[in-house]
Amino acid sequence: MVGPASWNHLIELDHLPDPTPHMEFARRSIHTVGGTSAGKALHLAERGASLELHALLGTDADAHQIYDALTGAGVRLRPHPSARTERHVNLMTPTGERLSIYVDTPSATTEEALAAVEQALEGADIAILDLSDMCGTLLQRRHRARWAAEVWVDLHDYDGASAYHEPFLRAADVVFMNADRTADPWGLLSSCLTRGPRVAVCTLGARGALALDAAGRRYTADAVSTRVVDTNGAGDAFMAGFLDATLHGADITTSLQAGAQQATVALGTVHLHPSLTAALSEGSRSGSGE
């Protein structure tokens, strides 16, 4: 698995602010590990999957907290050097609306880091390549690399036309997305499959999830009823549950159901995964990152 691990400041508001100068009062505010790849890795680790997360990290206190928290939660993390640690400020609402502000982004990936990731991918059956400049470069170099792993990609809020997403979509065997930017999820999935993937999956939040395969077969699954504490990372948890079920031989319908069940794990915590509660507390007690 290759992609972002970040240090996030989550701020919950009653509603997202209007784009005019004014004051808002937060309902709550926490600092925690973020990043779409970190979220998937945490949920796959819980399910016992064999995986390694490659991520760009700086050498600052936040990077140490990310490393300690993820490894403390059971993730095999292989950091690669960056001049900066990725940082976000996420404005959240109780209904799941989110505005993500990227405060810092990683520096360009070194040649040594790219070569190390490619070497690791040579022994992988599946490569989860999340949207990032590092993964984009890995795909550009794939024609001369020696890895042949099946590629799974999370397109997030893909609108069906974004140029940035296109190379990821065309390289993927399986793609995931949400319906935030489409009124026609079946049409979006069909459009994705014309570019190469064999399966496309779209999550619909409380309305469940859909999948379409290259033969045109449609699959659906309901969301699992649960108490929602925070929606951050639910999509990553869903993809992890789907992937793990698939690796154990499940069909698409059963994998959709497994994804929906795994999403409830993320929905029940303010962190990407409940294991971070203990991992971050332990890091605080031990003075990690100081």
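Strand β9, residues 174-178, is mostly covered in this predicted model, with 5 of its 5 residues buried; buried here means under 20% relative accessible area, exposed means over 50%, and partly exposed is what falls in between, using a 1.4 Å probe and protein chains only. The cover is found on both faces of β9: V174, F176 and N178 are buried on one side, and V175 and M177 are buried on the other. Strands and helices are DSSP runs numbered from the N terminus, with E over at least two residues for strands and H or I over at least four for helices. Residue numbers start from 1 along each chain as its sequence is written. As the model is predicted, local features need pLDDT of at least 70 and side-chain atom pairs count only at pLDDT 80 or more, while totals for chains, interfaces and linings use all residues, and side-chain values use heavy atoms, with hydrogens and water left out.

On one side of the pairing, β9 runs parallel to strand β8 (residues 150-154), the two being joined by 3 bridges; strands count as paired if DSSP finds at least two bridges between them. V153 has V175 of β9 as its bridge partner. Strand β10 (residues 199-203) is also parallel to β9, this time through 5 bridges, and F176 sits opposite V201 of β10.

Right-handed means that, with the strands pointing away from the viewer, the path from the first strand over the helix to the second runs clockwise.Zooming out, β9 belongs to an open sheet of 6 strands with mixed pairing, ordered β7-β8-β9-β10-β11-β12. Its edge strands, each pairing on one side only, are β7 (126-128) and β12 (218-221). From one strand to the next, the twist averages 15°; axes are lines fitted to C-alpha atoms, for helices over the stretch in contact, and angles run from 0 to 180 degrees between N-to-C directions. An antiparallel pair is formed by β10 and strand β11 (residues 209-213), with 5 bridges between them. Here V201 has A211 in β11 as its bridge partner. Helix α8 (residues 252-267) packs on this sheet, touching β10, β11 and β12, and its direction makes about 30° with that of β12; contact means heavy atoms within 4.5 Å.

There is also another open sheet, with 4 strands in the order β2-β1-β5-β6 and mixed pairing. β2 (28-34) and β6 (98-104) are its edge strands, each pairing on one side only. Neighbouring strands in this sheet are turned by 20° against each other on average, direction ignored. Strand β1 (residues 6-12) runs antiparallel to β2, with 7 bridges joining them, and E12 has R28 as its bridge partner in β2. Lying across β1, β2 and β5 (87-92) is helix α2 (residues 61-72), which runs at about 90° to β1.

Two or more lining residues come from each of α3 (111-121), β7 and α7 (234-247), and α3 gives the most, with 3 residues.
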